[in-house]
Each structure stands twice: as C-alpha cells, then as structure tokens.
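Me: I have a model open and want to learn how to read it. Can you take me through it feature by feature?

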Amino acid sequence: MCDDGIKIELRGKHVVLFVVAFLIVAWVIYIPLVKPSLLITQKPIRILEPKPSVTLHDIHYLHSSISSCNVKNSMDIKLAKDLTSNNINGIFCISNEIEENEPMVVADDNQASFWSVDLLGTGVLGIGSATDDNIFVNNGLNSYKVNITTYGNHSLWRLIHDYGFLSEADWSTYDILVLYWYGGGSGSTVELRLESEPGGGFISWYFVDDHQGWKRHVFYLDSPHYAFRAGSKDILHKVRFLSLGYLPFAGVWYVDKVILDRMLGVEVEIDISGLLKTTGIVALYSYNPSTGNFEGIATNYVINQKQYTSISAPLHILDGGRSTLHFGLSADKIMLSLKLPGNGQAIIKFIIEETAYSLDIIYRPYYFVVLLLFLLLIVNGVCFYNDLLQAKKRCSVRIKEARKL
Ligand SMILES: [Ca+2]
C-alpha cells in the first residue's frame, strides 16, 4: 500500500513537471517565431519648435506602403523590442499641417496677363481660348483656363512666362515652388521648366496629368528631375523663362496660384533614457514612398556620449520630395532637426541596438524565459526528490508502527 502511494505521488509529480516544462518550451518557441517583436514601453517625444503647426502620429506597425499619415496628436512613441535581434525600434510620422510658410506669390489672379500659350512641333493642335476663369477657381478671384483644340497645326502646347532680359527673378533663397493644376486626366507628363537665357540650359520637373480636378503640386528647387547643360543653382539665381505644359493633347486645363516657399524648420526630441544599460548604436531610417521601403540615413553613433554628435542626411517627404535632416544623439535623447514643406509629411524609424552583451544577456526576455525554464526544472527536481524521501520516510515509519502492533 505504502509503495503504491509513492508510485501515485511519483506519477502526479511527473505529470505536473511535464505540463509545466511543455508549456514553457512552447512559449519560448512561439515568441520568436510568431511574434518577433513585443511592445515594451512608451517614450515621450517632444516637438520643441514650432509646436502648433507640427503634429506627430505614432505608426509602430507599418504593414504596407502608404502615401500619407493619418495624423493625430500623439506625444508618446510606442517602442518595440525585437526578441530575435534584441533591437528596440520606434516608428512615427511627422506632419506640417500649415500649407504655406513664407510664401512669395508668383501668379494667382489675372494670369492671362502672366502666361502666354506657346505651340510647338507639327500636328493638329491649336489654341481655342486662353482666359481668366471665375468658375473653376482654387484660390482668389479667378484661375487661368486654357482650351486647346484639334483645329491647328502643332503637336505640343505649353504656357510660358518671360521675366525679360535684365529682369530675371532670383529664386535661390526659396526651397519649393507650389502650383495648383486642374487635371484633364490625359495621362500625359507635364513639364515645369526654368531657363536663365534663350537657348541656354534648363532644369525641369515632371508630374503626370492623371487626375480630374484641382491638385497641389510641389517642386523641390534643389533637386530638379532633369538638368540640361545647367547647374540648378545658377538658374535659380537668374530665372528668366518659366514654362509649363509640353502636352500633346487637346482639352481644357486650368492653372491657379503659383507660389515660392521656404520649408519649415522643425526640432524634435525623443526621450530614450533608461533604454540602454551601457552603450548602443542608433540607426535612423526614412520611409521612401516610391519604393515602399525604409532607407537608412544615419547609423553607428554610440549614444553614451554626453555631448551631441550631429550629421545631416536626406529625408524623404511623402509627396515624393527630399529634404534635409540633422541627427544628434546623447545619452538619453535623440535630437532631430528637419525641414518640412507646407502640408509635408515624413515617416521616420529608429532602431537602437545594445552593444554591451556581457551582463545584459539575462535582461533579454527570450533568454530570461530560457533561464526561468531551467530554474523551474531544477526546483521541480529538488522538490520531487525531497517529496520522495519524505514519502519513503513516512512509509518506513508506518511499516515500523505496523510491526510494533
Ligand atoms: Ca487665383
């Protein structure tokens, strides 16, 4: 009877030990395979300057390509720890909700006295009419309406403005040119071109006329899509010809407000205090909407330094443009200084990697669970052995008492 009791107790201990070990092993395997990252904490992010017009949106999980952020005020970034690599990462979108920063109007109302229509090549296109229009207006009193017909003998049309010899405009202190275009949905590529002198070099930007209705187009003056025999800086100092169009289609198009503007300087501070035990590396990434990937813009900065180190790097804007970003690090902060155009948005990701592994290894959740498993097995084994001895002792006492009787 006594031996049977020990066997029953032994089987019970085995079952408990097996179930506990199985559950822990299953969890240890499940975490890195199925859920490689875990939310570990939320850290404050502060917009130092300018506070009212810039907002943040924490994205944390970015599953598919996006072209704009669903912006809302969020002052905490959710940080996740990747259990396989041990990296801590955060993603956020920064957005400038003001449309214009320091605008200089190039053309707005009464553009019939600003533009003239120019026809090129040999074909069937001709000018139907080119007038100010007060029905389809995006801004102010009127827009400029161009009606191109098939009753002519040209193949391309464009709008041109000539500032005149010795009256060239200096656009070199501006960052972007913004214009409103009422799309004809022709699917053709529209070219914006700047020239300094007749027959000289030029710089160009392109967009596709694939929409119906008004659309705001932003052109980054520092990075033209094409440059022909010209340095873009030279032309920006001396803009004589402005041309828009080069379209091979008949139809009706509208142009409204054309402005030059400067980008808005934004200062951001991310608190990362307490995330690293000793030293680490921070890598910074910018989301490129044209590829759908994050592209590295800065890395390899040890962050246990007291003073900020800073480098500048290109930043992708979600409208397809590029800006600049200055990146500084200290022991407890990531400092970002960047430029955003009006209505501009950018998605930034940062990864913090712990570089000191010696003692820190036991703090990692994955290894901590493995360690816990071994501790539980040892404790269970000791308890089981102890119980076995106690049971045998009780058994021998009972046998002795039975013999006495
Ligand atoms: Ca207008």
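Reply: Start with strand pairing. Two strands pair if DSSP finds at least two bridges between them. Helices (H or I, at least four residues) and strands (E, at least two) are DSSP runs, numbered from the N terminus. Here, β15 (residues 264-271) and β20 run antiparallel, joined by eight bridges. Within that pair, E269 stands opposite M335 of β20.

Me: How is the model numbered, and what limits apply to it?

Reply: Residues are numbered from 1 along each chain as its sequence is written. This is a predicted model: local features need pLDDT of at least 70, side-chain atom pairs count only at pLDDT 80 or more, and totals for chains, interfaces and linings use all residues.

Me: What average pLDDT does the protein have?

Reply: pLDDT is the predictor's confidence in each residue, from 0 to 100. The protein averages 82, and 79% of the residues score at least 70.

Me: Where does pLDDT stay under 50?

Reply: Where pLDDT is low, the predicted coordinates should not be read in detail. One such stretch is residues 61-65, under 50 throughout. The model gives that stretch three contacts beyond four places in sequence. A contact means that the C-beta atoms of two residues, placed from the backbone, lie within 7 Å. Residues 358-362 are also below 50, with six contacts beyond near neighbours in sequence.

Me: How many helices and strands does the protein have?

Reply: Three helices and 21 strands. Take β20 again. Strand β19 (residues 322-329) pairs with β20 in the antiparallel sense, over five bridges. A hairpin of three residues links β19 to β20. In β20, M335 is the bridge partner of G328. M335 also stands opposite E269.

Me: Which strands pair with β7?

Reply: β6, β13 and β14 are among them. Strand β6 (residues 116-133) is joined to β7 (residues 143-162) by 13 bridges, antiparallel. D133 stands opposite S143 there. Strand β14 (residues 251-261) pairs with β7 over five bridges, also antiparallel. I148 faces G251 in that pairing. Six bridges join β7 to strand β13 (residues 241-247), again antiparallel. There, W157 has L247 as its bridge partner.

Me: And side chains along a strand?

Reply: In a regular strand the side chains alternate between the two faces of the sheet.

Me: What share of the residues is buried?

Reply: A residue is buried if 20 or more other C-beta atoms lie within 10 Å of its own, exposed if 12 or fewer, and partly exposed in between; C-beta atoms are placed from the backbone. Buried residues make up 27% of the 405 here.

Me: Which residues touch the most other members of the largest nonpolar core?

Reply: A nonpolar core is a set of buried Ala, Val, Leu, Ile, Met, Phe, Trp, Tyr and Cys residues joined through C-beta atoms within 7 Å. The largest one has 73 residues, and I94 and L284 touch the most other members. This core draws at least three residues from each of domain 2 (41-100 + 265-360) and domain 3 (104-261). Those domain bounds come from an automatic or database domain assignment. Leaving out residues up to four places away in sequence, L284 touches I297, A298, F327, I348 and F350.

Me: Why is G342 called buried?

Reply: G342 is buried because 22 other C-beta atoms lie within 10 Å. G342 sits in the loop between β20 (333-340) and β21 (345-354). Beyond four places in sequence, the residues that G342 touches include N96, I98, V178 and D261. L264 is 78 residues from G342 in sequence, but 7.4 Å away in space, C-alpha to C-alpha.
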